[in-house]
Amino acid sequence: MLRLPRITVEVPVLSVGAKPADYEQLAAYADGLRRPQGLHMTLLHIGILEDFAADVADWTKGATDPAAAAVKTADWLRALPVLEGFTGTAERLVLLGGGRVSGLEVEVPQGVRDFQVGLVQALHELLDDLLVDNPDDFILSSRALGYRYPRWRPHVAVGKPKPQGPSWEGRSRERSGSWEIRPLTVEFGASQIRNRQLLPGPADGVP
């Protein structure tokens with residue numbers, strides 16, 4: 001059976017630094033540097049919608065039908081507010097995903113953090129509507145949502161960690177898995193839903 005791609009609420013990266021070389025210099029820190037056109041920051045991770053709906057059905061012991069859960073979640077996603085573009089700064093490279101990913105740790109305006117908190121609060125309201133009790137426990141246990149940390153850490157994944165070696169000489173390592181880099185300005189676009197066109201239900205603009 002064909003599975004839907006992962007669904008996330010994210011903001012695309014429009015630029016890193018003032019010129020392409022500013023991003024390319026990160027190759028000294030990360031292997032397999034990702035294409036700048038595909039960089040983004042995740043604000044909320046829903047995961048594979050089928051898995052999320054199945055988790056809801058299991059948690060509610062069948063009180064919520066998985067198909068209905070998927071449609072309600074899709075409608076909820078389409079109705080979310082949009083965060084306007086903003087500017088962040090990055091001065092540190094960090095290890096993510098248990099050390100499998102290198103990412104820019106980004107300082108973002110307080111309004112961005114408030115927006116992300118609002119998304120989590122809205123997720124709680126969705127779960128209430130889906131008859132999920134103890135939503136905090138559900139969020140931490142859901143395979144689809146994949147929450148592993150209680151706090152959101154703004155970051156942009158850029159590649160795979162590079163083993164420490166000559167290229168690290170002279171770099172400051174203040175704590176395990178964290179390195180200082182030359183400060184970079186990161187421009188972000190408006191928030192969007194990844195794979196929005198694959199959500200079940202009516203297409204945008206169709207009643």
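Biologist: Which residues does Pro81 touch, not counting residues up to four places away in sequence?

Modeller: This is a predicted model, and in it Pro81 touches Phe115 and Ser191 once residues up to four places away in sequence are set aside. Phe115 lies 34 residues from Pro81 along the chain, and the C-alpha atoms of the two are separated by 9.1 Å. Pro81 itself sits in the loop between helix H3 (66–78) and strand S4 (86–96).

Biologist: Does Pro81 count as buried or exposed, and why?

Modeller: Exposed means over 50% relative accessible area, and Pro81 counts as exposed because its relative accessibility is 52%.

Biologist: Turning to the rings, how many aromatic pairs does the structure hold?

Modeller: The structure holds three aromatic pairs. In one of them, the ring centres of Trp59 and Phe138 are 5.4 Å apart and the planes stand at 85°, so the pair is edge-to-face. That pair links distant parts of the chain, with Trp59 in helix H2 (residues 49–59) and Phe138 in helix H5 (residues 135–141), 79 residues apart. Trp59 counts as partly exposed at 28% relative accessibility, whereas Phe138, at 1%, counts as buried.

Biologist: And how are the rings of Phe86 and Phe188 arranged?

Modeller: Planes under 30 degrees apart count as stacked; the rings of Phe86 and Phe188 have their planes at 20° and their centres 4.7 Å apart, so this pair is stacked. Phe86 belongs to strand S4 and Phe188 to strand S8 (residues 178–188), 102 residues apart.

Definitions and conventions: Residues numbered from 1 in each chain as written. Predicted model: local features only at pLDDT ≥ 70, side-chain atom pairs only at ≥ 80, totals over all residues. Heavy atoms only, no water. Helix = DSSP H or I, 4+ residues; strand = E, 2+ residues; numbered from the N terminus. Buried < 20%, exposed > 50% of the residue type's maximum accessible area, 1.4 Å probe, protein only. Contact = heavy atoms within 4.5 Å. Phe/Tyr/Trp six-rings, centres within 6.5 Å; stacked < 30°, edge-to-face > 60°.
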